[in-house]
Amino acid sequence: MPPTWARIREQFPILDQQVNGHPLVYLDNAATTQKPNSVIAALDRFYARDNSNVHRGLHALSMRATDDYEGARARVRAFVNAEASEEIVFTRGTTESINLVAASWGSANLKKGDVILLTEMEHHSNIVPWQLIAKKTGATLRYVPVTGDDGLLDLSGLDRLLTPEVKVFAFTHVSNTLGTINPAAELCARARSVGAITVVDAAQSIGHMAVDVKAMGCDFLAFSGHKMASVTGIGVLYGRRSLLDSMPPYQGGGGMISVVDFYESRWKPSPERFEAGTPNFGDAVALGASCDFLDSLGREEIRLHDGALAKEAHDKLAEIPGIRIIGPKGERGGLVSFAFSGVHAHDVVTFADEDGIALRGGHHCNQPLMKRLGLTSTVRASFYVYNESREVDALVASMRRTIKFFGA
Amino acid sequence: MCHFTGQRLADDHQLKGKTAAEAEKLYKEFHEIVTTGKEPEEISDLGAFAGVHAFPARIKCATLSWHAALNALRGDVAPATTESHTD
């Protein structure tokens, strides 16, 4: 039975609990989302009936497991509107996907004098892999600045930054701290005009809106299952097939070779080339189930739902004296980040937990951005399909009590 | 929390005039209070921190400024940290 918006909370058994004597208000969805019954059941069904190692197996279970695994790949292909299933590489998550591109594409294509263009709002996972490959190849890093507390990319100087030396432009689709939705299609087109490839970090967008790689025009797209109602340990690297097939392997092992000799080997094409060893087929099946779940709700409906809650939270929190909200005032992804002068984010989050509210406080793996904005930490409330307006009210009431206590 | 413990450590002269050995002993007592909730044997401001033990995730916040003070005392120039690994 497909889940419906009306009874959506019932699909998430974890939400039905008390925390510190209050009904759980889970607002830490940008860190990880909860899982619906259909996803948990898919995982359960796979291990109860079909589990076996995939590919090359000649027995019934292995063929079934292979069909499940490749079926999940085909499901993800449709979910992001890729041209072919061969463009979908399963990884452990966004971090591994970006590391794969940086290490494999970077080692084959970057050299001294080349520039890697990033933005000031990148998560550490879209900075550190590029720093590593820059050190190895002699390429340098360059950053598109953020405008300030309103958290937009300052694109006024993009022409000056996007010079022919730029070989790759890697940027986030939706900022995990600011909630900014970047104009990904425009940025990809601008990069293409100077011959740079694009890598889009879709960790915060994939579960919240339609993400279409053809419409976006990106060369690579990275995301994680656990932020889109699926399980941890599975993620995806989408890559343009011609690029993937021109890249060297990321790791070596079984499953990724066509021929192995004592001193040399030859590789299979994508996706096998990048999936050395036994792949994570069980979790891939759960990822396929989460694609079904999100499509059954409608991804445009999810975008509107999460965006509306974030806007409501933004507007109600803005009435609290002394609050500093960062991120765009207009359209935003499903999260709100804020700070109170004189009260550390960790204290705010501890107090909210006493009210049964799960928030996140800290630098959100955005230390360079924090430095840029002159902050050490923020409190972040992030919303998902099961959150309701009454939970925004619970958040605002809890924040008011906390601030009153600290006299800030 | 780290600001408050640091402020108490500095403003209340909890360490001023004490020998290095006494400071280390005082930290051991403080650490026991914040990790177990045990009240101090003598009447002391440190008792105010007994409530921290109910929040295990915050113990490192309460002890950060102590680590900094003890690092300084021991002549350790490395940045003070309560992290055994990064987050």
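Which hand does the crossing of α1(B) and α3(B) have? I looked it up, and the crossing of α1(B) and α3(B) is right-handed. (A crossing is left-handed if the near helix is turned anticlockwise from the far one by less than a right angle, and right-handed if clockwise.)

**Ground rules.** I am working with a predicted model, where local features need pLDDT of at least 70, side-chain atom pairs count only at pLDDT 80 or more, and totals for chains, interfaces and linings use all residues. Residues are numbered from 1 along each chain as its sequence is written, while chains are lettered from A and ligands numbered from 1 in the order in which they are written.

**Helix pair in chain B.** I found α1 at residues 2-11 and α3 at residues 59-74 of chain B, packed at about 45° with axes 7 Å apart. Helices here are DSSP runs (H or I, at least four residues), as are strands (E, at least two). I call α1(B) and α3(B) oblique to each other, since angles under 35 degrees count as roughly parallel, over 145 as roughly antiparallel, 65 to 115 as roughly perpendicular and the rest as oblique. On the α1(B) side I noted Cys2(B), Thr5(B), Gly6(B) and Leu9(B); they meet α3(B) residues including Trp66(B) and Ala69(B). The residues of this contact are seven nonpolar, three polar and no charged. (Ala, Val, Leu, Ile, Met, Phe, Trp, Tyr, Cys and Pro count as nonpolar, Asp, Glu, Lys and Arg as charged, and the others, Gly among them, as polar.)

**Domains of chain A.** I see domain 1 at 8-30 + 299-406 and domain 2 at 41-295, with bounds from an automatic or database domain assignment. Between the two, 27 residues of domain 1 of chain A are in contact with 25 of domain 2 of chain A (C-beta atoms, placed from the backbone, within 7 Å). On the domain 1 side, α10(A) gives the largest share, six residues.

I checked Asn20(A), which has a positive phi of about 50° although it is not a glycine. Asn20(A) sits in the loop between β1 and β2 of chain A. Is Asn20(A) buried or exposed? Asn20(A) counts as exposed, with 11 C-beta neighbours inside 10 Å. Last, I noted a cis peptide bond from Ser270(A) to Pro271(A), with omega near 5°.

How values were computed. Axes fitted to C-alpha atoms, helices over the stretch in contact; angles between N-to-C directions. Buried ≥ 20, exposed ≤ 12 C-beta atoms within 10 Å, placed from the backbone.
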